[in-house]
Every structure is written in C-alpha cells, then in structure tokens.
Amino acid sequence: MISNPRRHCTVELQALPSRIGQVRRIVSAQLRYWHMDPLIERATLGVTELLSNVHRHARPDKTCTVEMELLLDRLTVSVRDHDPRLPVVEDADPLATCGRGLAMVAAVSESWGVRPDGDQGKVVWFTLPTATATATRPATVPRLTAGEPRLVEVGAVSHTADELTPGHAPARSAVVG
C-alpha cells in the first residue's frame, strides 16, 4: 500500500487581529504535527501578512479561508477572501509602518501569486520548499542586482524586481487560472 503524500489543512475565520494570532498558532501546530518545524517561522510570517491584508483591505467582509497543502517537496499556503480586487505591490516609503506585506511574502517564499476566484473573490498563495526540496538546491541563491530586471506576475500586471523590493531577489510568482 502506498501512503498519500498529500496533506491538507483548512481554517475558516474572520480576519480580525485576535483571530490572526490564533491562525498563527494553528499553522505552527499543524507544521509541528507534520514534522515540518523548519517551515514554521516563514509560514507564520507569510500567513500573518496575507491575513493582515484581508483585515485591512477586503470588502465586503473579512471572512476568509486559510489552506495549507503539504506535498513531498513543497508547502503551499493560500488565503481566499470574498473581495475580487487583486492586491497591488507598491513601493513603501522607508519610514512607512505598512505597505510591505507582499514584498515580505515574496522575500520569504519560494514562489507566490494571486488568482481570481470567479466573481467570488481571490486566492493569494505562497510556497515554501520542504527539507527534501531544500537539500537539492544550491547552498547559495544568487541575488538580483539593480541591473538585472526580472518580471514577477501579479494578476494581470508585471513588476520588475526593482519595483518590489530594491536590493532583494523576489520569489517566482505566477497567476493560475
């Protein structure tokens, strides 16, 4: 008998500050249960940023679903909300206290993206490599410099690496659908 390599976890919630902390604890506990402790910090940071965006921007309501799917080589974390407006990656002022969430998700993840969910909303997701996938990757990841533009697709808009986070290499992104 072959065991199912796919593991799945779903949480539905109102994206309110008190609930975001609870979801962080659920994500941490689930990753510990799956023996994926090395992913906890990046997964909880990413889900916090995505839920904060739902709290701050989603209309008409803050209801959303967090989904985690673990395959052999990667963890995918997605947040589905009822607002069809796609997120916009903007340059944040260096002294701004907000506006860096998606750039942070890009920085800590292997890939990320957004896809419309019909006229019912959207799904914003990111992936993290598991230890198996990380072990096969080179020890150092080349960084982009200002002279090396790379496109990152978000919705129907493309951004260069410089537009996302100057001095940092963005993760690969794709729009599915």
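Student: Asp-81 and Lys-122, are they buried or exposed?

Tutor: Both are buried. This is a predicted model, so take that as a computed result.

Student: What do Asp-81 and Lys-122 form?

Tutor: A salt bridge. The closest N and O atoms are 2.9 Å apart. Asp-81 lies in strand E3 and Lys-122 in strand E5, so the pair ties together parts that are 41 residues apart in sequence.

Student: How can side chains pair like that?

Tutor: Opposite charges can pair when the charged atoms come close.

Student: How many salt bridges does a search of the whole structure find?

Tutor: Five. One of them joins Arg-85 and Asp-83, at 2.6 Å from N to O. Asp-83 is buried, with a relative accessible area of 3%. Arg-85 is partly exposed, at 48%.

Student: Which residue in E5 is the bridge partner of Val-114?

Tutor: Val-124.

Student: What sits between E4 and E5?

Tutor: Five residues, and the two strands form a hairpin. Gly-118 is in the turn, with a positive phi of about 60°.

Student: Which residue has a positive phi although it is not a glycine?

Tutor: His-35, with a phi of about 60°. Most residues other than glycine have a negative phi.

Student: Where is His-35?

Tutor: In the loop between helix H1 (17-33) and helix H2 (40-57). His-35 is exposed, because its relative accessible area is 66% and the cut-off for exposed is over 50%.

Student: Tell me about H2. How far apart are its end C-alpha atoms?

Tutor: They are 25 Å apart. H2 has 18 residues, which should span 26 Å at 1.5 Å a residue, so the two values agree.

Student: Which residues of H2 are buried?

Tutor: Among them are Ile-40, Ala-43, Val-47, Leu-50, Leu-51 and Val-54. Glu-49 is on the list as well.

Student: What do the buried residues of H2 pack against?

Tutor: Several elements. The strands are E1 (7-14), E2 (63-70), E3 (74-81) and E5. The helices are H1 and H3 (101-108).

Student: Zoom out. How many helices and strands are there?

Tutor: Five helices and eight strands. Along the sequence the pattern is β-α-α-β-β-α-β-β-α-β-β-α-β.

Student: How many residues are in the protein, and what share counts as buried?

Tutor: It has 177 residues, and 41% count as buried. The accessible surface comes to about 10200 Å², with 55% of that belonging to carbon and sulfur atoms.

Student: What share of the contacts with a separation of 6 or more is between residues 24 or more positions apart?

Tutor: 61%.

Student: Last topic. What is the mean pLDDT?

Tutor: The mean is 75, and 67% of the residues reach 70 or more.

Student: Where does pLDDT stay under 50?

Tutor: Over residues 133-177. For that stretch, the model has 75 contacts beyond four places in sequence.

How values were computed: Residues are numbered from 1 along each chain as its sequence is written. This is a predicted model: local features need pLDDT of at least 70, side-chain atom pairs count only at pLDDT 80 or more; totals for chains, interfaces and linings use all residues. Side-chain values use heavy atoms; hydrogens and water are left out. Helices (H or I, at least four residues) and strands (E, at least two) are DSSP runs, numbered from the N terminus. Buried means under 20% relative accessible area, exposed over 50%, partly exposed in between (1.4 Å probe, protein chains only). Two strands pair if DSSP finds at least two bridges between them. Contact means heavy atoms within 4.5 Å. Accessible areas come from the Shrake-Rupley method with a 1.4 Å probe; for residues, only the protein chains shown count as cover. pLDDT is the predictor's confidence in each residue, from 0 to 100. The expected span of a helix is 1.5 Å times one less than its number of residues. A salt bridge is a side-chain nitrogen of Lys or Arg within 4 Å of a carboxyl oxygen of Asp or Glu.
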